[in-house]
Amino acid sequence: MKATLDWNRYLSLASDVASEGMVMLENDNALPFRKGSDIALFGRMQSHYYKSGTGSGGMVNVNHVITVREAMEKSPDLNIDKEISALYDAFESASPPDNGIGWGNEPWSQEEMLLSDEAVSAAAERNDAAVIVIARLAGEDRDNSAERGAYYLSEKEEDMISKVCSAFDKTVVLINSGNLIDMSFVGKYKPSAVLYIWQGGMNGASAVPEVLTGNKTPSGHLTDTIAKAITDYPSDLNFGKGDGLRDDYAEDIYVGYRYFETFAKDRVLYPFGYGLTYTKFAVTSIELKDLELTFKVTNTGDLEGKYVPMVFASCPQGKLGKPLRVLCAFSKTSLLKSGESEDMKITIDPLSFASYDDSGKTESPYSWVLEEGIYEFFLGENARDAALCGTYEVKGLKVLEVLSSAFKPYDRFKRIIPEKTDPGFAVSYEDVPVRQSEAKDKRLEELMPEIPQTGDRGITFPDVKNGKNTLDEFIAQLDDEQLSLIVRGEGMGSPKVTTGTAGAFAGLTREMRALGVPACCCADGPSGMRIDSGKCAMALPNGTCIASTFNTSLVEELFECTGLEMRSNEIDVLLGPGINIHRHPLNGRNFEYFSEDPYLTGRIVCAALGGLHKYKVTGCVKHFCANNREKQRHFMSSNVSERALREIYLKGFEMAVKEGGAKCVMTVYNRINGVYGSSCYDLTTKILRQQFGFKGIVMSDWWAHVGEVPYGEGNKTKHSACVRSQNDLYMCCPKVEKEEIGFTDVFEELKKGNIERAELQRIAKNVLGFALDTPAMDRVMGEETVITHVDSPFADDTVPVKTDLYFEIYDGSVADLTRFKTVEGHDAVFGLSVRDIGSYEFRIYASTELSELAQIPMTCFYTSIPLKVITWNGTDGKETYQGFKVFCSGQPAIVRLHFASPGVTLKRMEAIFICKERLENEPT
């Protein structure tokens, strides 16, 4: 394959997503700024733009992140006040930001500078308007927190907003965050304009002055409801309370706007779908016929803009009870100039507003149904302001799909149902349907027949690719040991694939590689490719920003470019998109995910997959399912009714499979209804494969616990549970060759008869079938991939970074580092294979020719996690050492030593074994 990756287009598309994803909540004639406006820029985070949230989903190496201040200073249409900027520069020098060291230790926010009344008043006299930047961070293993400086503004931030709003006639507040924050400050201080600019990736801030000046028009819409108080969200009563080991999803299907529009309209500040533009639109010629809606959109304002028509269904309550609003369709116009119109047609799928009966109330249990009655449809730009556009009558019960019960809760709890009052509905509760008895284990009944083993017949994997032999014939050659090992993935930093990526799978053992099976490569996502070698990659806008565009064609175009970038780095699978539901505003990984709404989630993931699939790479859709909290994520149970699973938490995955052609799915760390999602037959076989029709591979999250017994103890080596459930790959294992066959229990359980050979052959068919249609297989077949990069912002984009330098780590081992040209300022990147698991001190020996007054910082990264910053003073050529401590778990790992400036000559690294246990507060 030969293709060109035009980075000007790539960066432009990312900027378009950032601008179309910005959500303008308020605008009292403050925006757009007129050309040549004088602007005072407030908030220390003007110089520290958060490109994404934290953790594996955001650890994309870049050489530069554009900041809000940088972008606004470069704008030819704005003049930024230098005196205020100088105040912040002095503050930054005296109080640099705290970026945290180690995993999940980043602060939610940075301490703000205290402003004097005099400075603010003087700035107001010099400038036309003020812009305030507020920024927040959360992420993997780190939920946001309902405290000041996190969900709430800090005291200094409030003081800043109060003073600036009082002094300036026009004040614009920009929120650089992946999560919603408390918005009560808007009513309190009344800023002129407020925009969520989200976390727009490495060049996302470049869109800020474009939107503020009207060069680009804001057209983003909220993918979540903003409530008046965090306690207004119905999930708040069951989000990480007590010991954090159990969240009962008592709100059931009434998540986000489904709850607020049914029960609590008065508790909403900004409804789902809300978002202002710089113009006005009229929607006319509306006609709904047989669930096909046609209408005309006209820009009746003075400025250009894009309109997002959303269609909401209001279903008859029937026997099941329904929300008063359910998003069932949306679209987006092209850019319409003043006076221009666009005719639109939207087809509404009945499954988008159907109900799942998990109790038998309709006498059609475990089915998707439309109950008898009049279905009303509302057209508009948000859940609150949409107007009635037509009706659809259903006579009698209409059954759309008959399924069978799967994954019913074990634990009893109550769920919300609507109770009719005058007027409206009140919250009432009913018992969630639970398992009355343990269902018969149909695992073996539903198993495919065993493929008779033939021994080696000389069939290679390329023979299968060429059509000479079938995949079954190839698998028939595999002995029990080979079958037992194919379940294992390797990482992080497997030496068999692109250096510093998350994992490898398929062709890992010597025997499989000899047969021509490729090692397939997956890289952390979803905000771009995480490559721990330090190689740069495009940092994409975060999930919330992407979904806020409501522009599926733009999303698909962006991910086409990502697909090309993956091909150039020999990466087959991006670990994303993340499509869990925004159940609660404090979930740390909300930045990775799209929305509180499953239909919007499904449409966006299908667009992203469509872009990737154009270049034969794919995304691993995650986390399957109900991963809605980070606290205690390895141990907690999300207890969810069948109905809520089907209508809310599984819907996006179902759409990804049926409409987006998903090829790879990642399971969760947490339990669902007491059972670990990594080893649940109902989830990964019955629902995903049998009912959704999924044909691809399922992999665990990295080092997940597995366990089939409800609330049983989890384990990381009893992979037989994964085999029985058809979770094809356990990610990741430090030992993948035949000599380490006993590292997990699979081979032994096969010999005991606790798993069937046919189950392992089934997994082999899934994994090898996937590998057949990958770029990795194309390379085995001798097909060359040449990606020409045009105007890349990175210097190292032309070939994958692969290091042949891997050091075995044990007590007293020494790694020669003299090959690295760190004296010229280059990074040192090398791999580690750990022989003896435990805590180590790594001593780095080096020398410099500089004087003892010199200072050269060196950041020590272990799998992209910054562990320590070591400062080398000049040694006048003498050798010295400094060290850092880390727990080595036995997985392959990548170490990167990054130098802020040249001058240090590395000599060697010595490993000193400390103990087998992890030290207190020690990173890993």
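Visitor: How many salt bridges does the structure hold?

Guide: A salt bridge is a side-chain nitrogen of Lys or Arg within 4 Å of a carboxyl oxygen of Asp or Glu. The structure holds 65 salt bridges. This is a predicted model, in which local features need pLDDT of at least 70 and side-chain atom pairs count only at pLDDT 80 or more, while totals for chains, interfaces and linings use all residues. Residues are numbered from 1 along each chain as its sequence is written, and side-chain values use heavy atoms, with hydrogens and water left out.

Visitor: Which residue forms a salt bridge with Asp141?

Guide: The partner of Asp141 is Arg633, with the closest N and O atoms 3.1 Å apart. Helices (H or I, at least four residues) and strands (E, at least two) are DSSP runs, numbered from the N terminus. The pair links distant parts of the chain, 492 residues apart: Asp141 is in the loop between strand 5 (129–135) and helix 5 (155–167), and Arg633 in the loop between strand 26 (618–624) and strand 27 (637–639). Both residues belong to a network of salt bridges that also links Glu140, Arg589, Glu592, Lys622 and Glu630.

Visitor: Does Arg633 count as buried or exposed?

Guide: Buried means under 20% relative accessible area, exposed over 50%, and partly exposed in between (1.4 Å probe, protein chains only). Arg633 counts as buried at 4% relative accessibility, whereas Asp141 is partly exposed at 36%.

Visitor: How many cavities does a search of the whole structure find?

Guide: On a 1 Å grid over the protein atoms alone, a cavity is a set of points where a 1.4 Å probe fits but cannot get out; lining residues have an atom within 4 Å of a point. Grid points are joined across faces, edges and corners, and a volume is the space filled by probe spheres set on the points. The search finds six cavities of 30 Å³ or more.

Visitor: Which residues lie nearest the centre of the largest cavity?

Guide: Of its 18 lining residues, these are Arg258, Val326, Ser352, Ala354 and Glu647.

Technical notes:
On a 1 Å grid over the protein atoms alone, a cavity is a set of points where a 1.4 Å probe fits but cannot get out, and a pocket is an open set with protein on both sides within 12 Å along at least five of seven lines; lining residues have an atom within 4 Å of a point.
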